[in-house]
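Me: Let's go through this one and see what it shows. Start with the accessibility terms, please.

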Amino acid sequence: MKDVRVQAGGFDPGAELARLEVLGAGAVASFTGLVRGDDGVSTLTLEHYPGMTERALDRLADAALARWPLAGLILIHRIGDLAQGERIVFVATASAHRAAALEACAFLIDRLKTDAPFWKQEDVGGVRRWVAARDSDNKAADRWRSG
Amino acid sequence: MAVRILYFARVREQIGLADEVVDVPQDVRTLGDLADFLARRSPGHAEAFAHRQHVRAALDQQMADFEASLGDAREVAFFPPVTGG
């Protein structure tokens, strides 16, 4: 099972996990990314490249399915305006084994950060600024290229 | 050759356009050549392409290096390093 979605609306992690649990695989792993509340950001706006975004996420999902024995995976990324504490991104995987579920989950979120065309803009006290890419994200994504 | 060029995020703001159709001359062979060519279109274009290390590109919706050949690409996009997730 593969479900890749780019959407403005929210999602329910519990309901999404339940969709993987019913596959009966034995192990389900997930990652949820939230809008941080520690640096005065009131709103985060997610811009993306319609068309390419969906293709890039779908390619990542296919790469994970080819590399690990997964019963299913769900990948959801939101776009538009998001308030502090709101969910931005959700990755979940189901497998017969915990290592495959955990590794595939980490692969998907690490590679999503460098391969999918999203851009974050922060609103801090009415001043909007683009979020800079981080070198640590490139390093995290690179560790999956050699293996 | 008419190519549709898309701009996103900071690059879109600097150029002041989300997209444009550009007639690309034959001697523009790579994405880097195209960036040089586009940089001459306006002060905003020049600003957007001034620091090439802060610009990424996609050819027909696939990430590509500036050395990549344009080939028969119909859609090219320029944007800052991505920050999703």
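Reply: A residue is buried under 20% relative accessible area, exposed over 50% and partly exposed in between, with a 1.4 Å probe and protein chains only. As for the source, this is a predicted model in which local features need pLDDT of at least 70 and side-chain atom pairs count only at pLDDT 80 or more, while totals for chains, interfaces and linings use all residues. Residues are numbered from 1 along each chain as its sequence is written, chains are lettered from A and ligands numbered from 1 in the order in which they are written, and side-chain values use heavy atoms, without hydrogens and water.

Me: OK. Where does B:D60 lie?

Reply: B:D60 lies in the loop between β3 (56–59) and β4 (62–64) of chain B. Strands here are DSSP runs of E with at least two residues, helices are runs of H or I with at least four, and both are numbered from the N terminus. B:D60 has 31% relative accessibility, so this residue counts as partly exposed.

Me: And what is phi of B:D60?

Reply: Near 45°, a positive value in a residue other than glycine. Most residues other than glycine have a negative phi. B:A9 also has a positive phi, near 55°. That residue lies in helix α1 of chain B and, at 0% relative accessibility, counts as buried.

Me: Switching to the interface. How many residues does the contact take from chain A and chain B?

Reply: Chain A gives 26 residues and chain B gives 20, where contact means heavy atoms within 4.5 Å. Between them the chains bury about 1,800 Å², with 55% of that on carbon and sulfur atoms. Buried area is the accessible area (1.4 Å probe) that two parts lose on being put together, summed over both.

Me: Which three residues supply more than any other three of the area that chain A buries?

Reply: A:Y49, A:W119 and A:W130, which supply 35% of what chain A buries against chain B.

Me: How many residue pairs are in polar contact across the interface?

Reply: The rule finds 12 residue pairs, both residues at pLDDT 80 or more. A polar contact is a pair of N or O atoms within 3.5 Å; within protein, one must be able to donate a hydrogen and the other to accept it, and residues adjacent in sequence count only if both atoms are side-chain atoms. On the side of chain A that touches chain B, the elements giving two or more residues are β3 (41–48), α2 (52–67), β6 (87–95), α3 (98–115) and β7 (118–124) of chain A. The largest share, five residues, comes from α3(A). By type, that side of chain A divides into 15 nonpolar, five polar and six charged residues. Ala, Val, Leu, Ile, Met, Phe, Trp, Tyr, Cys and Pro count as nonpolar, Asp, Glu, Lys and Arg as charged, and the others, Gly among them, as polar.

Me: What is the count of salt bridges between chain A and chain B?

Reply: One. The side chains of A:E47 and B:R12 form it, at 2.4 Å, N to O. A salt bridge is a side-chain nitrogen of Lys or Arg within 4 Å of a carboxyl oxygen of Asp or Glu. Over all chains the count comes to 19.

Me: Back to A:Y49. Which side chain does a polar contact of 2.5 Å join to A:Y49?

Reply: That of B:E75, a residue in strand β5 of chain B. B:E75 has 15% relative accessibility and so counts as buried. Beyond its neighbours within four places in sequence, B:E75 is in contact with residues including A:Y49, B:V3, B:R4 and B:D60.

Me: What about B:R4 and B:E75, how far apart are the closest N and O atoms?

Reply: They are 3.5 Å apart, in a salt bridge. B:R4 is in strand β1 and B:E75 in strand β5 of chain B, so the pair ties together parts 71 residues apart in sequence. B:R4 also forms a salt bridge with B:D19, with the closest N and O atoms 3.8 Å apart.

Me: Last topic: which residues in helix α3 of chain B are buried?

Reply: In α3 (residues 43–50) of chain B, B:G44, B:H45, B:A48 and B:F49 are buried. They are on the same side of α3(B) because they cover an arc of only 120° around the axis, the arc being that of the directions from the helix axis to the C-beta atoms. B:P43 and B:A50, on the other side, are exposed.
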